[in-house]
Amino acid sequence: MLLEYIKKYEKGSIITSILMIIVSILLISMPETVLNTAITTLAIIVLIGGIIHIVSYIITDKEMKVFSSELFQGILAVISSAIMLRFKSNIMNIIPIIIGILIIIESIMKFQLSFNLKSINSSWFILLILSVLYIILGILIILKPFDTVMTITVVSGIALLITEICNLFESLYVLIKLK
């Protein structure tokens, strides 16, 4: 019984690994297309959610509409979806800028922490160097947001590809050993 379960699990794992290898190849070879598709898919999901909210408001009893925010949520979701679809490339550029700003803010706090630790810890200098490097990284991300997104997408694709190839070989190995 357990042996059959393991075989079934490993076969499912092989199928999942093959599908994820395909996704990783797409991430590596067509990062911009994958990101555009992801944003479009998210916008469609938000649009469908908005329509559901609006319909829910319409079919709600008159007495309950007084307390309902379904219409507002629906309209907000439909508008958000339209904005996402209209400004896809801007969205891809804004996200890394926000990440870059967050990295800089956190790095400045680490920079200050390194000076606070100077009198009590001998490794304060390592923290200082790392904080300066992270500040530079944050600035680079802000200056080159599109390149950053593409690089992260490709690197993610490479990491996913390596992981899934290992998972595939692991599952095949287990199946061979179980026979």
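## Basis of the description

Residues are numbered from 1 along each chain as its sequence is written, and side-chain values use heavy atoms, with hydrogens and water left out. Because the model is predicted, local features need pLDDT of at least 70 and side-chain atom pairs count only at pLDDT 80 or more, while totals for chains, interfaces and linings use all residues.

## The largest pocket

The largest pocket has a volume of about 230 Å³. A pocket is an open set of points on a 1 Å grid over the protein atoms alone, where a 1.4 Å probe fits, with protein on both sides within 12 Å along at least five of seven lines. Its volume is the space filled by probe spheres set on the points, which are joined across faces, edges and corners.

Lining residues have an atom within 4 Å of a point; among them are L35, I39, M92, P96, L137, T148 and T153. At least two lining residues come from each of helix 2 (31–59), helix 5 (88–117), helix 6 (124–143) and helix 7 (145–178). Helices are DSSP runs (H or I, at least four residues), numbered from the N terminus. The lining consists of ten nonpolar residues and two polar ones, with no charged residue. Here Ala, Val, Leu, Ile, Met, Phe, Trp, Tyr, Cys and Pro count as nonpolar, Asp, Glu, Lys and Arg as charged, and the others, Gly among them, as polar.

## A nonpolar patch on the surface

A nonpolar patch on the surface has about 1,100 Å² of accessible area together, and its members include F111, F115, F125, Y134 and L140. Such a patch is made of residues with over 30% relative accessible area and no salt bridge, with nonpolar side chains (Val, Leu, Ile, Met, Phe, Trp, Tyr) joined within 5 Å. A salt bridge is a side-chain nitrogen of Lys or Arg within 4 Å of a carboxyl oxygen of Asp or Glu. Areas come from the Shrake-Rupley method with a 1.4 Å probe, and for residues only the protein chains shown count as cover.

Helix 5 and helix 6 each give two or more residues to the patch. The largest share, ten residues, comes from helix 6. F125 is placed in helix 6 and is partly exposed, at a relative accessible area of 45%. Buried means under 20% relative accessible area, exposed over 50%, and partly exposed in between (1.4 Å probe, protein chains only).

## Single residues and distances

S24, in helix 1 (residues 2–29), is buried, with a relative accessible area of 0%. Its C-alpha atom is separated by 48 Å from that of M64, 40 residues apart along the chain.

K144 is in the loop between helix 6 and helix 7 and is partly exposed at 48%. K144 and G100 are 44 residues apart in sequence, and 10.0 Å separates their C-alpha atoms. S69, in the loop between helix 3 (62–65) and helix 4 (70–86), is partly exposed at 36%.

Note on methods. Patches are made of residues with over 30% relative accessible area and no salt bridge: like charges are joined within 9 Å, nonpolar side chains (Val, Leu, Ile, Met, Phe, Trp, Tyr) within 5 Å.
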